[in-house]
Amino acid sequence: MKELAKGKNFQIKTKNTMMLFVPRKDTWTLIYYGKRLGNAADIAKLWGQTERWFYTLGGNVQETYPAFGGDLETQPQQQSMNKHGALLAIHANGDPTTELAIESIEEVKDRPGFKHYVFSYKDRAYPFFVKQHYRAAFETDIIETWVEISHKEKASVKLPRMDSCGLKFRGLSNRYFVQNLYGTWASEAFVAESEIPRGGHIELDARSGVRDAWGNNPSFMLSIGGKATETEGSVIAGALAWSGSWHIDLLHDANDDLHIYGGVANLSGPYILDPGKTLTLPKFLLTYSDKGKGQVSRNFHTWARDFTIPRGHELRSVLLNSWEGAYFSLSDQVLLDMMDGVKRIGGEMFVIDDGWFAQGEFVRNNGCTGLGDWTWNRDKLPKGLNYLVKQAKKRGLKLGLWFEPEMANTRSQIAHDHPEWIIRGENRTLRCGRGATQVVLDMSNPKVRENIFNQIDAVLKAAPGLSYIKWDANADFMNYGSDFLKGERCANLWFDYTMGVYELIAKLRKKYPKIIFQACSSGGAHAEYGFLSHAEEFWGSDDTDARQRIFIQWGETQFYPANAMACHVTAVPSHQTGRVTPIKYRFDVAMSGRLGLELHPKNMTEEELEFSTKAVALYKKEIRPIVQQGDLYRLVSPYKENYASIMYVSKDKSKAVQFFYGLNMVYCGDYPPPVKLQGLDPKAKYKVEEVNYVLDKKGNPKLHTVVNGEILSGEVLMEVGIGFTMRPEYDSAVLKLTKVK
Ligand code: DGJ
């Protein structure tokens, strides 16, 4: 640890951005975050460290971590931070104010490419401590910030508000626009954008306790001055790495200042922190781009693959999941047939979804029974799991298995033996979710975690070689008591539950380091960086209709990379929307993420099987490396046109793949205008080839561009663009671009 010289301004720099902090009396304040500039000292001068200070900082000077009651200098305005703050701490003696004074700022050692600073604060009157971290990833312009809270007061301290950050930016503009992702079951990650009213705020939140990236995603892009586009405009973006309930509050105050708060939401009372304990709050991730929203996404994607998502640089297997093809009707025969099917198509893994477990009256044949009883059902699948692992191996496939570790049904052995392990209110009627029997296990209780760990461990031990776990979670907190936490400490559940879940998955990962985890939660409710630091991928949505997926994937890729986004080709009519789309369209959409299938191959026609086999081979050889490891450029938004287009470019710009999707049939005249490509080397020449085409009746490829086979300059492709000769809805094209010498 290196202590920084006291009393000096200091900066945190990344490749293209910087943060500038200045000392003020016994605390520090953040005065600049944005584009990296050459002359930081001049910024400090502009803000002034004289009597002008009070005015230039807009009425109050805020600590880097503002606490209720704690501003240094303030005037009585409604936005004044001494009435808000990221933290509200009710001290042991009942005092609700906190005044943080700096003790030190230290640089701590971190991995190469990172700068990591810790501001250590102590309350001026109480032994109450806050350590605030700023950790900057140089190449990707991502800055993580979070705090650790601890104290040595005589009794516990109550924390009704405990945000990970409270940032204030002085007068960046008089207009701020917030883009957020909202949704619900089977319609995740829709994109909305609204202006923050002057003097008002936009608060995003989720209150499930479990499925907390479903309704709203814990992320935002905030455009400064006017709505940014994919390629232009000034954007501050943030995401909270948290899988439980949360809030993000974005304020535009009367002085045109911008405030950003974000953190865990304790919805039933204050968090109670005992003396000597340290509470480490989730990371709030920040980035800044002066080149629009596309750059924000690329910053997050590269950072996630490099540093957050486990094994972010490995290519993910093409898999077949049993859910939409078989639902609960599992038998050895069904599973073997599915394995044969995925082998024939060229897939690499087979995943057995819900329906394989629990015994006797609790056997899992529908959503009403069995959760929490993680033993192989001997009647449905008499030969056992290891037999299936071996059968998969025989076919050259890896095997995966579904669990829902956080849940139980009231009709299960675990609920029968341990009703006290269920989250429930002592004097209240138990509310249940799916199947009118689903309840949430109390993951704050170490005994519950141990039991579930041991059960899963036994399954994995009995079937060595299992390669993949789909971790599902299909209920919310519906009851608000914990036999373990008890009394007013039950409010700690909002935090301790999620920490318990992280501990459980981390323990499993440690023991089984080769297993790939999928974060699923009724579809996309775990598409967030809390879970994604423990899981390689997420299930994007239970809506697998290809047309709807174009929107959902457009939304999810705002923050999350393609190699983590599981996208499956399913049967038609779509089980969710009834829409019928061609097999090519379904593949073209799923290929733009981590490709998989979720249908029974037995129900496919010979023609579909043949097409799928070629498509999977093409994906594995040509498309997967570019999509899963390249840079994403969103070219035409499905929200704006009757078609959509995206492309991925390999990091060295030698290869690219473009996807073009028809959405609605409205073109009766001309074809859609050319789509300008992005991210290529303007000086290079690229060979353009259409791939994944179908054949017409005469056996000729049905192509959608007249430039197939042409060699064109990167500059022209980006300035003029490629036209697609396509009218019908649900038609699509995939182009491969290869740099030629
Ligand atoms: C919800 C998931 O999102 C689905 O993919 C599937 O696994 C079901 N649960 C199984 O119950």
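The legends below describe close-up views of a predicted model.

Residues are numbered from 1 along each chain as its sequence is written. Because the model is predicted, local features need pLDDT of at least 70 and side-chain atom pairs count only at pLDDT 80 or more, whereas totals for chains, interfaces and linings use all residues; side-chain values use heavy atoms, with hydrogens and water left out.

**View 1. Domain 1 and domain 2, and the area buried between them.** The protein is divided into domain 1 (2–308), domain 2 (319–470 + 500–630) and domain 3 (634–740), with bounds that come from an automatic or database domain assignment. The centres of domain 1 and domain 2, taken over C-alpha atoms, are separated by 36 Å, and their contact (heavy atoms within 4.5 Å) takes 34 residues from domain 1 and 36 residues from domain 2. Between them the two domains bury about 2,600 Å², of which 60% is on carbon and sulfur atoms; buried area here is the accessible area (1.4 Å probe) that two parts lose on being put together, summed over both. Of the area that domain 1 buries against domain 2, 22% is supplied by E188, V210 and R305, more than by any other three residues.

**View 2. The side of domain 1 that touches domain 2.** Between domain 1 and domain 2 there are zero salt bridges, a salt bridge being a side-chain nitrogen of Lys or Arg within 4 Å of a carboxyl oxygen of Asp or Glu. The count of residue pairs in polar contact between these domains is 17, with both residues at pLDDT 80 or more; a polar contact is a pair of N or O atoms within 3.5 Å, and within protein one must be able to donate a hydrogen and the other to accept it, while residues adjacent in sequence count only if both atoms are side-chain atoms. Two or more residues each are given to this side of domain 1 by β11 (176–182), β12 (190–195), β14 (216–224), β15 (234–240) and α3 (293–308), the elements being DSSP runs numbered from the N terminus (helices H or I, at least four residues; strands E, at least two). The largest share, seven residues, comes from α3.

**View 3. The salt bridge of K293 and E193.** The closest N and O atoms of K293 and E193 are 3.0 Å apart, and the pair is shown against a total of 41 salt bridges found in a search of the whole structure. K293 lies in helix α3 and E193 in strand β12, so the pair ties together parts that are 100 residues apart in sequence.

View 4. A polar side-chain atom of D472 lies 2.7 Å from a nitrogen atom of the ligand, and a polar side-chain atom of R434 lies 2.8 Å from an oxygen atom of the ligand. For G523, a backbone N or O atom lies 3.0 Å from an oxygen atom of the ligand.

**View 5. D205 in strand β13.** This strand spans residues 201–206, and the side chains of D205 and R207 are joined by a polar contact of 2.8 Å. Not counting residues up to four places away in sequence, D205 touches N216, W246 and H247.

**View 6. The cis peptide bond from V572 to P573.** Omega of this bond is near -10°, and P573 lies in the loop between β29 (565–570) and α11 (583–590).
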